[in-house]
Amino acid sequence: MNTATLGAAAPTNPVPLKQDASVIGLVGLAHATSHFSHLLLAPLFPVFMRDFGLSYSDVGLLMSIFFVISGSGQAVAGFVVDRFGARPVLFAAISCFLLAALAASQVTGYGGLVLVAVLAGLGNAPFHPADFTILNQRVSAPRLGHAFSTHGLTGNLGWALAPAFLVGITALADWRVAYYCAALLYATVLALLFWQRDKLLTEVVVRHPDAPKGADLAYLKLPVVWWCFSFFLLSTMTLAVVQSFAPSILKNLHGVSVEAATLTISAYMLCGAFGMLVGGFVAAYGSSHRLSSDRVVALSMSGGALLLLVCATGWLGAAGTMVALAATGFAVGVGGPSRDMMIKKATPKGATGRVYGTVYSGLDVGFAISPVVFGGFMDRGWYALTLAGAAVVLFISVYAALGVGRRTGPQGSGAAQSAA
């Protein structure tokens, strides 16, 4: 297959910092709305349970619906991004979020909440293939590490903003007003991106008439793609444990209050965001000093896994465990930009959307299955073992990262590019 350029070719050095910064900022803002939408429903679950008489299983199913739709739609979205460009797909995704917020403001029962989960899941599906297609095509190579760093950081900030935004407005007014305000937020972001739409234009993949049948799926035959998928699935399972169960673990093992335990999760996210900021410089340093991305990822994930194992022992007590959990967020965050550089190296030319869509669907799968697996541990009172299990899974993800590195090095890179 070949490509036809709709706009300017991907920038080469020297590129003005302002040009790259504009693209990075716009994509980062869009990514923040995606992570905000992960929590469009969850912060108000107690309100829905009270108003609509729902159970924990009922509201938990809403998140399963969200991630199943997002994960299954992500790979498909990659094909759409490659064929039609990232910009229209990004606009459609944020429009889905806008519709989800408006629908949430009108719900009168469980069926309406299911519709919100479906719309938000559809909106979330295209973000990684669209975002990374824009960044890889429109940001100059020396600044890609910082671009990926900002992308991850803004995602964490979106996670941090959603509960404060929705719960805060609900406390001041009511939850329907909170969702009207969320819809206004989405509309403002969409308007800004449309105003700056020239900075988001990307190349599209044009199928050659003589291309063999199934050529668009050739990338699926590359083992490196599935090693990347496995890495995302495994590392996300650990994140899901921290997000879902850390407050209960701290409470049961150390008698920590709900407020302090919740603050620990916020600290984890903020430290993760700071780690991604530092990780951007690490990725840039690695690119210029032959420090491979997979090794940076392996070191950061190993550090995070060791910290989780220490937390599982209980040796640090309540305060020490909370600090160590926050430090885990930093350790994992440092590897974020190098992780995205690692995926870039594994991506054949002309298949960016498809590869990122497939690989990042592992994130949704990890979020979907981790609560089921480790929820069984929690039900049996195996609180320390839950943390230890999360650490083991993170260690296994290190093996997957090194597996990617072996297949994108000098001997493996040719094979990785042959599916283009």
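**Structural briefing: helices, surface and side-chain pairs**

The protein has 16 helices and 2 strands, both taken as DSSP runs numbered from the N terminus (helices H or I, at least four residues; strands E, at least two). This is a predicted model, in which local features need pLDDT of at least 70 and side-chain atom pairs count only at pLDDT 80 or more, while totals for chains, interfaces and linings use all residues. Residues are numbered from 1 along each chain as its sequence is written, and side-chain values use heavy atoms, with hydrogens and water left out.

**Burial and contacts**

- Of the 420 residues in the protein, 54% are buried, where buried means under 20% relative accessible area, exposed over 50% and partly exposed in between (1.4 Å probe, protein chains only).
- Among contacts with a separation of 6 or more, 85% join residues 24 or more positions apart; a contact means heavy atoms within 4.5 Å.

**Helix α5**

- Helix α5 covers residues 110-124, and its 15 residues should span 21 Å at 1.5 Å a residue; the expected span is 1.5 Å times one less than the number of residues.
- The end C-alpha atoms of α5 are 21 Å apart, in agreement with that expectation.
- The buried residues of α5 are Leu113, Val116, Ala117, Leu119, Ala120, Gly121, Gly123 and Asn124.

**Surface**

- The protein exposes about 17300 Å², of which carbon and sulfur atoms supply 69%; accessible areas come from the Shrake-Rupley method with a 1.4 Å probe, and for residues only the protein chains shown count as cover.
- Phe274, Leu277, Phe281 and Phe330 make a nonpolar surface patch of about 400 Å².
- Patches are made of residues with over 30% relative accessible area and no salt bridge, with like charges joined within 9 Å and nonpolar side chains (Val, Leu, Ile, Met, Phe, Trp, Tyr) within 5 Å.
- Helix α10 (residues 258-288) gives the most to this patch, with 3 residues, and phenylalanine 274 is found in that helix.

**Aromatic pairs**

- The whole structure contains 19 aromatic pairs; rings of Phe, Tyr and Trp (its six-membered ring) pair if their centres lie within 6.5 Å, and planes under 30 degrees apart count as stacked, over 60 as edge-to-face and the rest as tilted.
- Tryptophan 227 and tyrosine 399 form a tilted pair, because their ring centres are 5.6 Å apart and their planes stand at 55 degrees.
- Tryptophan 227 lies in helix α9 (residues 223-254) and tyrosine 399 in helix α15 (residues 383-408), so this pair ties together parts that are 172 residues apart in sequence.
- Phenylalanine 377 and tryptophan 382 are paired edge-to-face, at 5.5 Å centre to centre and 75 degrees between the planes.
- Phenylalanine 377 is partly exposed at 23% relative accessible area, and tryptophan 382 is likewise partly exposed at 39%.
- Phe36, Phe97, Phe127, Phe165 and Tyr186 form one aromatic cluster.

**Salt bridges**

- The count comes to 2 salt bridges, each defined as a side-chain nitrogen of Lys or Arg within 4 Å of a carboxyl oxygen of Asp or Glu.
- Aspartate 20 and arginine 143 meet in a salt bridge with an N to O distance of 2.7 Å.
- This pair links distant parts of the chain, 123 residues apart: aspartate 20 is in helix α1 (residues 17-38), and arginine 143 is in the loop between α6 (127-138) and α7 (144-172).
- Aspartate 20 is buried, with a relative accessible area of 0%, whereas arginine 143 is partly exposed at 24%.
- Arginine 50 forms a salt bridge with aspartate 51, with the closest N and O atoms 2.8 Å apart.
- Arginine 50 is exposed at 61% relative accessible area, and aspartate 51 is partly exposed at 37%.
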